[in-house]
Amino acid sequence: VFVSACGEKESDPPVIASLNLVQDSIMSEQGAVLQLSYSISDDNGLSKFRLTILDDFPDARLSLAPWFYEQDFNVTGTEQSDTLLVNLPYPDLEPGQYKLSFTVADIDENETAQEKSLVIY
């Protein structure tokens, strides 16, 4: 016997159509920025996305001021494409490999995530 739950279709999770780092290797210097472009969509509506960047190398966080970045961005509609710039905290940035996590949530609280690696030298 097949029973439908109130006749409602479950919402699909959001889609990350593209996530691109302009540079995946960045020199730690005054004014350095991480630039990324993204394209996201959802069948019912987007809610927000979270960008997290944390170190991903042995002996990380040994300096006096380790860098950890996390920020939520509100989005609306069913599609969005844009470019983000993240200022790198010079000189408080340890050289090494970092992991960028991009998590998108829709209005139905479904989530999709994608990760990228970058190197600060």
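In this predicted model, five strands form an open sheet with mixed pairing, and their order across the sheet is β2-β8-β7-β4-β5. The strands at the two edges are β2 (25-26) and β5 (69-74), each of which pairs on one side only. Two salt bridges are counted in the model, and Asp-72 takes part in a network with Lys-48 and Arg-50.

**Pairing in the sheet**

- Strands of a sheet pair through backbone hydrogen bonds, and the pairing can be either parallel or antiparallel.
- Strand β7 (residues 96-106) and strand β8 (residues 111-120) run antiparallel, and ten bridges join them.
- Within this part of the sheet, Ala-105 stands opposite Glu-111, a residue of β8.

**Salt bridges**

- Asp-72 and Lys-48 meet through their side chains in a salt bridge, with a distance of 3.9 Å from N to O.
- This pair links distant parts of the chain, since Asp-72 lies in strand β5 and Lys-48 in strand β4 (residues 46-55), 24 residues apart.
- Asp-72 also forms a salt bridge with Arg-50, and here the closest N and O atoms are 2.7 Å apart.
- Arg-50 in strand β4 and Asp-72 in strand β5 are 22 residues apart, and this pair too links distant parts of the chain.
- Because the salt bridges share partners, Lys-48, Arg-50 and Asp-72 are joined into one network.

**Exposure of the network residues**

- Asp-72 has a relative accessible area of 36% and is therefore partly exposed, as this class lies between 20% and 50%.
- Lys-48 counts as partly exposed at 28% relative accessibility, and Arg-50 is likewise partly exposed, with a relative accessible area of 31%.

Definitions and conventions
Residues numbered from 1 in each chain as written. Predicted model: local features only at pLDDT ≥ 70, side-chain atom pairs only at ≥ 80, totals over all residues. Heavy atoms only, no water. Pairing = 2+ DSSP bridges. Helix = DSSP H or I, 4+ residues; strand = E, 2+ residues; numbered from the N terminus. Salt bridge = Lys/Arg side-chain N within 4 Å of Asp/Glu carboxyl O. Buried < 20%, exposed > 50% of the residue type's maximum accessible area, 1.4 Å probe, protein only.
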